[in-house]
Amino acid sequence: MVNAFDGSRTADLPPATRDLIARRDAALGPAYRLFYEEPAEFARASGVYLYDPAGAAYLDAYNNVPSVGHSHPHVTEAVARQLATLNTHTRYLTDGVVSYAERLLATHPLMAPAHAMFTCTGSEANDLALRIARHYTGGTGVIVTANAYHGVTAALAELSPSLGPNVPLGLQVAAVPAPAAGVNFPAAVAWAIADLERHGVRLAAFLADSLFSSDGILPDPAGFLAPVAETVRAAGGLYIADEVQAGFGRTGTHLWGYQRHGIWPDIVTMGKPMGNGLPIAGIVARREVIEDFGRKSRYFNTFGGNPVCIAAAAAVLDVLQAERLPANAAATGGYLLDAITRLAADSPVLAGVRGAGLYLGVDVADPVTGAPSGELAAAIVNGMRERRVLISATGPRGSVLKIRPPLPFGREHADQLLTVLAEVLDGLGAVLDGPRAVPQAGKSSHTSSVDTERSFDPEGFLNSGAARPNDQTAQ
Ligand SMILES: Cc1ncc(COP(=O)(O)O)c(C=O)c1O
């Protein structure tokens, strides 16, 4: 398990922390995990900082749920006001859910005509997308990437290879290599479709996180998913874009990760940052693919899309637009990417840097063998946590530093992160005394997918999708 407290340092922890961990274990049982060798406890948060019970500030360069900033006053007010006024469900007429759906649909213009449906979690959104795809296509097969994560339900755990060998994949599931350097991804998907067919399984959907977060954060080159969408549709399957990680402006140049690739999906699933911490998630699906399902299957989700969660979600869109947070993600993300690229040029352990907006992945490699090193990545993650900067690690070996802060993360915050990262790299000490075994030429290209030069339209972004490219896949 990547970045997990394993209990080996329990004896070194302050008594109050030890006590809370023991009570937590007793109450919550063995399935829960904590981050970091020394787990962090927080009492409050604001903007891009979390504060421990003693009031010490930690820079948050990890959390994408409080995407517009922890405890943002506009979201807090909207939620409090709505909670004090009315909180029911989607079986009564209320204006909020309809207005929000209209706003959300307008951000996916190339999917029009389309419908929005609301759930409480990203897992539920993917689960619903899967039911719709299987209904529409009559197929059952699903293609995912080799270390994908798509959720916690029984149906999604079967589609989430990153849960490890103790959680088996479904028999209708094909896992293709992640789109890393050297992988012909469209060919891998075409092969998987043929292999499923050979086993008598008709394709229902290709399901992918538009940033391939758990596969190691693989955003480049923008556009590489276009031929995949074409292949999937030609085989009769649907393209489901899991935007739980990439959505709501994180990539900077676009509101949705799929838009970087110049495609439009059949179904988009969303979650995490949607309500800045309130449990709201959902899907947008092209009308054609949802029509028959909707007529034949009643859908009611008790809490999904309730007025309080909708108020939070609407407030998130307000803040994204008013504070130009996608533009900030592009600017700060580009700045961080360039700075870490420079750090990596002088570091024997940072073997590659990539990112889109405020979602960056940094490959950590053993300086002697050049092999990806989850151990060194964990040392960096824990070293930064000791210096009160929160990041994590991802990828199949846990060897990719995962930097994914709330979107108001500014240059001053980036500088704080960079100072601490440089200190931690310096402090890796003895491990680095051996010969440098990672040749510069072997490093992955430090190209940015962030086009910070491009002008950004802060007023219009909620209505503008990707421009329809000439080679657009057929609807
Ligand atoms: C890409 C992706 N899809 C789906 C999910 C599931 O979302 P939730 O935890 O809200 O059920 C996650 C959660 O980490 C995710 O990263």
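Modeller: Pro221 sits in the loop between strand E7 (203-209) and helix H7 (226-234). Helices (H or I, at least four residues) and strands (E, at least two) are DSSP runs, numbered from the N terminus. Before we zoom in, keep in mind that this is a predicted model: local features need pLDDT of at least 70, side-chain atom pairs count only at pLDDT 80 or more, and totals for chains, interfaces and linings use all residues. Residues are numbered from 1 along each chain as its sequence is written.

Now for your loop. The peptide bond from Asp220 to Pro221 is cis, with omega near -10°. Back along that loop between E7 and H7 you'll find Ile217. Ile217 isn't a glycine, yet its phi is positive, about 65°. Why stop to look at features like these? Because most residues other than glycine have a negative phi, and most peptide bonds are trans. Ile217 is buried, with 26 other C-beta atoms within 10 Å. By "buried" I mean that 20 or more other C-beta atoms lie within 10 Å of the residue's own; 12 or fewer makes it exposed, in between is partly exposed, and C-beta atoms are placed from the backbone.

A cis peptide bond runs from Ala112 to Pro113, with omega near -5°, and Pro113 belongs to the loop between helix H3 (95-106) and strand E4 (114-119). Arg324 lies in the loop between helix H9 (307-322) and helix H10 (325-345). It counts as partly exposed, having 19 C-beta neighbours inside 10 Å.

Where the domains meet, 23 residues of domain 1 are in contact with 27 residues of domain 2 (in contact: C-beta atoms, placed from the backbone, within 7 Å). On the side of domain 1 that touches domain 2, at least two residues each come from H10, strand E11 (350-355) and strand E15 (400-403). H10 gives the largest share of that side, five residues. Sorted by class, the side of domain 1 that touches domain 2 has 13 nonpolar, eight polar and two charged residues. Here Ala, Val, Leu, Ile, Met, Phe, Trp, Tyr, Cys and Pro count as nonpolar, Asp, Glu, Lys and Arg as charged, and the others, Gly among them, as polar.

Next, the ligand. It is surrounded by 16 residues, and the closest are Thr121, Gly122, Ser123, Asp209 and Val244; a residue makes the list if its C-beta atom, placed from the backbone, lies within 6 Å of the ligand. Helix H4 (residues 122-137) supplies the largest share of this shell, three residues. The shell has four nonpolar, nine polar and three charged residues.

While you're at H4, check how it packs. The axes of H4 and helix H8 (residues 287-296) come within 9 Å and cross at roughly 90°. That puts H4 roughly perpendicular to H8. Residues making the contact are Ile132, His135 and Tyr136 from H4, with Val289, Ile290, Asp292 and Phe293 from H8. They divide into five nonpolar, one polar and one charged.

To finish, let's come back towards your loop through Asn147, which lies in the loop between strand E5 (141-145) and helix H5 (154-157). Asn147 counts as buried, with 22 C-beta neighbours inside 10 Å. Leaving aside neighbours within four places in sequence, Asn147 is in contact with Pro161, Ser162, Ala178, Ser214, Asp215 and Pro396. One of these, Ala178, is 31 residues from Asn147 along the chain, and their C-alpha atoms are separated by 7.3 Å. Over in helix H9 you'll see Asp318. Asp318 and Val75 are 243 residues apart in sequence and 9.0 Å apart in space, C-alpha to C-alpha.

Key:
Two residues are in contact if their C-beta atoms, placed from the backbone, lie within 7 Å. Axes are lines fitted to C-alpha atoms, for helices over the stretch in contact, and angles run from 0 to 180 degrees between N-to-C directions. Angles under 35 degrees count as roughly parallel, over 145 as roughly antiparallel, 65 to 115 as roughly perpendicular and the rest as oblique.
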